[in-house]
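Visitor: I would like to learn how to read helix packing and ring pairs. Can we take them in turn?

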Amino acid sequence: MPEDLNWAIGGEAGDGIDSTGKIFAQALSRAGRHVYTSKDFASRIRGGYTAYKVRTSVDRVESVVDRLDILIALTERTIDENLAELHEGSVIIYDGERTTMQDVEIPEGMVGLDVPLKGLAEDAGGAIMRNVVALGAACAVADFPIENLDESLEKHFGDKGQAIVENNEEAARLGQEYVEEEFEHAFDYDLECTDADYVLLNGDQAIGMGAIAAGCRFYAGYPITPATEVMEYLTGRIDEYGGTVVQAEDELAAINLALGAARSGARSMTATSGPGIDLMTETFGLVATSETPLVICDVMRSGPSTGMPTKQEQGDLNMTLYGGHGEIPRFVVAPTTVAECFWKTVEAFNLAEKYQTPVFLVSDLALAVTEQTFPPEAFDMDAVEVDRGKVVDEGEVEEWLDDQGRFRAHAATDDGVSPRAFPGTPDGAHMTTGLEHDELGRRTEDTDVRVQQVDKRNRKVETAKAEEEWDYREFGDPAADTLVISWGSNEGAIREGMGLLSEEGIDVRFISVPYLFPRPDLTEEIRDAETTIVVECNATGQLADLIEHDVLERVERINKYTGVRFKADELAAEIEAVLEPEEVQA
């Protein structure tokens, strides 16, 4: 029996693949098992191949692997798409009564279970429950107590009435009983349950949760894959804390709405993906010049242009670092795990307000759609600290008035951070314009004032470099000759890949970089290593270029831009391949 089980359901968009996968993932989580999910879905509402994969273990899992143990195939294409991951002994559950599945050939060495999914679902109350029948069949194969499925079905269908819940529970049991009664094959699986209590959520949900915890009270956005779920999570939840979600007519409107709310004193945020970031760039400069705190979340996907909206890529790094006309101070923060999506969102809000500057919170599709289990203490709300920066009240505003009693909202302070007065603060009334302005916010073309204000805005970044922690996360052997550097969602796959490399006698030091601007100085770490490899999901090696610029050293690169995330065993093989020439020379 493998240490972990890899399960998947595949079919066409519109076949209920996503909801079925979530039901099973929730059931496993509630049974005290760790879960890590991944999705493969087409950029359309109906039609096109789509799949939902669940990896589960009693031990923590942090990536997908090239192995599939149980596959629910709703279409023949599902088998073809997953053939490379199926192995001898893999179980394929399908409905041979379906017209498109009658001539299915099960690959040699694999176990095919022809289960009348539609017929059994009709016996339970309706053909629409055929996927739940398949879940019951999978429970029989995996020796997973079907009672664990009941709570998940209750959560998913509870708002539709108890009768619907009971029908689905019956459908699952009919699938289980059919496999147990009709097939004598001895399956090699026995899913252990534990008393552990886990939270199951994805990166978009963690960002939304982090925004609420950080005190975000206004969100404006326009639906776009894969950032939409941030807005979906906040809708209905942020209201409970006095906040508001606005669905704008487009991304340009969204960032301008968020800018307006931030100017009024509310912690504000917008989220989008590549094409939306392009549109928001026009306002991005106004956010920075007006020194307005704003969090802009970019959930990256394959580009350019419309690209592949439902596929993985990390191609927006240069855009977030350099996007916008003129020279714009900013911070770029990139979570590397689902849990970090929560904590880096909190941090992004604090950075935005402490330094009165825009913050790019950069996630990617793999983080956005991956659902993963965590102990509840991973999101300790008592540990959340809110820092609103240099907000002045009635008693403090006087020291920031000029000799005519006017508030200097853009005062040229030594640290570059000016006082901030919320609307309604006595004597704190002021104006701000997107034109270059003086300390009072009035437009100016005075050369000395221009230099003063540009230098002032840039000083905020230097101040933050000195005051904040911009460090990396490190794993593996600090003394290893091989150094791997990466960012974003690749962390989990690299960490598991390191275990595979260790079995081959290859020790690796791994640095995961969550801060892209400002970013840590890796000069010493790279010079200590014999080989440095930068791993990222783009074609040109955008982080590798930055590192080479920073440290004046060449690095090796592993780049993937197929639209599919890295897998642990794949990365282990890629890293080993980079090192092989050195071993041959030795």
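Visitor: In which crossing, left-handed or right-handed, does H5 pass H6?

Guide: A crossing is left-handed if the near helix is turned anticlockwise from the far one by less than a right angle, and right-handed if clockwise. H5 passes H6 in a right-handed crossing. This is a predicted model: local features need pLDDT of at least 70, side-chain atom pairs 80 or more, while totals for chains, interfaces and linings use all residues. Numbering starts from 1 along each chain as its sequence is written, and side-chain values use heavy atoms, without hydrogens and water.

Visitor: At what angle do helix H5 and helix H6 pack?

Guide: Helices are DSSP runs (H or I, at least four residues), numbered from the N terminus; strands are E, at least two. Axes are lines fitted to C-alpha atoms over the stretch in contact, and angles run from 0 to 180 degrees between N-to-C directions. Helix H5 (residues 147-157) and helix H6 (residues 162-182) pack at about 145°, axes 9 Å apart.

Visitor: Which ring pairs does Phe-342 form?

Guide: Rings of Phe, Tyr and Trp (its six-membered ring) pair if their centres lie within 6.5 Å; planes under 30 degrees apart are stacked, over 60 edge-to-face, the rest tilted. Phe-342 and Trp-343 are edge-to-face, at 4.8 Å and 85°. Phe-342 and Phe-379 are also edge-to-face, at 5.4 Å and 80°. That pair links helix H12 (residues 338-355) to the loop between strand S14 (371-374) and helix H14 (447-467), 37 residues apart.

Visitor: Is Phe-342 buried or exposed?

Guide: Buried means under 20% relative accessible area, exposed over 50%, partly exposed in between (1.4 Å probe, protein chains only). Phe-342 is buried, at 0%. Trp-343 is partly exposed, at 27%.
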